[in-house]
Amino acid sequence: MQSWMRRAVLTIALIVAGSANLVSQNVTASISGVVTDATGAVVPNIPVVATNEGTGAHFQAATDGNGQYSIRAIPIGSYTLTAEARGFKRFETKGIRVQVNEVARVDISLTVGATTETITVSSEVVTVDTTTAVLKSVVDQKRIEDLPLNGRNPTQLMRLIVGTATDWRADTTSGTTYPGVRGGVSVNGSRANATNFVLDGAQNNDHYSNAPNPMPNPDALNEFSVQTNNFSAEFGRQSGGIVNAVTKSGTNEFHGSGFWFIRNQALNAANYFAPIVNGQKRQDGLKRNQFGATLGGPVIRDRTFFFYSYQGTLERRSPNQVGIIVPTAAQRRGDFSALLPKAIIDPATRQPYAGNIIPTNQLSSI
């Protein structure tokens, strides 16, 4: 087998394996409720099935003696819920949208009839979390894609949540993946590095600085929730807040996107406080290009899927000349007399240099 064929086979194997792992990691929602008949009596010991409308995956639970069911640990997305029992018409409702960390309550009412008949609830189901006391908000895919982001860092959208504020004492991320972003996000007055970040069920924190690791780019991110209070002890680690993010995954339909975001000084207005040079306000000199694409789809329909995302960033900017100090020729020789009366202190003796001139024998060639 030629080397390029071996690389191709290995790449496909990695994609398939990675896709299977992603499906198992996106277990961040639940559907629960009570099954009753037309008289209001509970219906025990019947199967309730939730089918993911994007991937065809089935998740099943049975009602207990009180007619209650709970389908836990399911990927976020849109679901069709069905229930069948002898002597009742088959129940079906579509378009149940569950979000990350949500426990959606959907009660089911069965109608007497033949099992070959189906009752379809076509109206939009309003899911309400009545089982937990968590205070949280979800930043969904539409807001991630449509709201403006400086540097395309999704964590900036945390500031939309009640109880959050910018913490200028900390960086948003421990790395430099997203340009132009400074300052972390504080939750309920805690420090920014007291927030625990979770990505697809795994910890996503820099264990050296406690800052979050870089998040996926907005086109690769499905949604994330920000839990500000009363969150479960299962998350642990930090007490400030929980950010639980979920990436996109493939479905039975191929889908993708392409993007190119430009920020250029030629298209920007000058900052109000920018210095005036030759009668005009000086621009920041920023030229930033962020570009990329996504692609997702099925490998084996209803079973295995893939999703790929790439983002590249090219940036050039002029230095902030207001804060730059260039040594003069005299200063390079150790002569700082021009700074008098401000004294230059000898670090060895803690006394001022005579005339603000550093002796040549104390100058390092480096």
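The protein chain has three helices and 21 strands. Keep in mind as you browse that this is a predicted model.

Let's start with the chain as a whole. It holds 366 residues, and 39% of them are buried. Among contacts with a separation of 6 or more, 62% are between residues 24 or more positions apart. The accessible surface of the protein chain is about 20,900 Å², and carbon and sulfur atoms contribute 55% of that area.

The largest nonpolar core has 27 residues, and the members touching the most others are I31, Y69, L81, I108 and L110. Two or more residues of this core come from each of β1 (29-36), β2 (47-52), β4 (68-74), β5 (77-83) and β6 (90-98).

Next, a sheet to trace by eye. Five strands form an open sheet in the order β3-β2-β5-β6-β9, and the pairing is mixed. The edges are taken by β3 (58-62) and β9 (118-121); each has a single partner strand, so one side of each has no neighbour in the sheet. From one strand to the next, the twist averages 20°. The strands β6 and β9 run parallel and are joined by four bridges. F91 stands opposite I119, a residue of β9.

D219 sits in the loop between β14 (202-203) and β15 (221-229). Is D219 buried or exposed? Its relative accessibility is 12%, and buried means under 20%, so D219 counts as buried. The side chain of D219 makes polar contacts with the side chains of two residues, R152 and S257, as listed here:

| Side chain | Polar partner (side chain) | Distance |
|---|---|---|
| D219 | R152 | 2.9 Å |
| D219 | S257 | 3.3 Å |

Leaving out residues up to four places away in sequence, D219 touches R152, K248, S257, F259, T294 and F307.

Technical notes:
Residues numbered from 1 in each chain as written. Predicted model: local features only at pLDDT ≥ 70, side-chain atom pairs only at ≥ 80, totals over all residues. Heavy atoms only, no water. Buried < 20%, exposed > 50% of the residue type's maximum accessible area, 1.4 Å probe, protein only. Contact = heavy atoms within 4.5 Å. Areas by Shrake-Rupley, 256 points an atom, 1.4 Å probe, with all protein chains shown as cover. Core = buried A, V, L, I, M, F, W, Y, C linked by side-chain atoms within 4.5 Å. Pairing = 2+ DSSP bridges. Axes fitted to C-alpha atoms, helices over the stretch in contact; angles between N-to-C directions. Polar contact = N/O pair within 3.5 Å; in protein donor to acceptor, adjacent residues only side chain to side chain.
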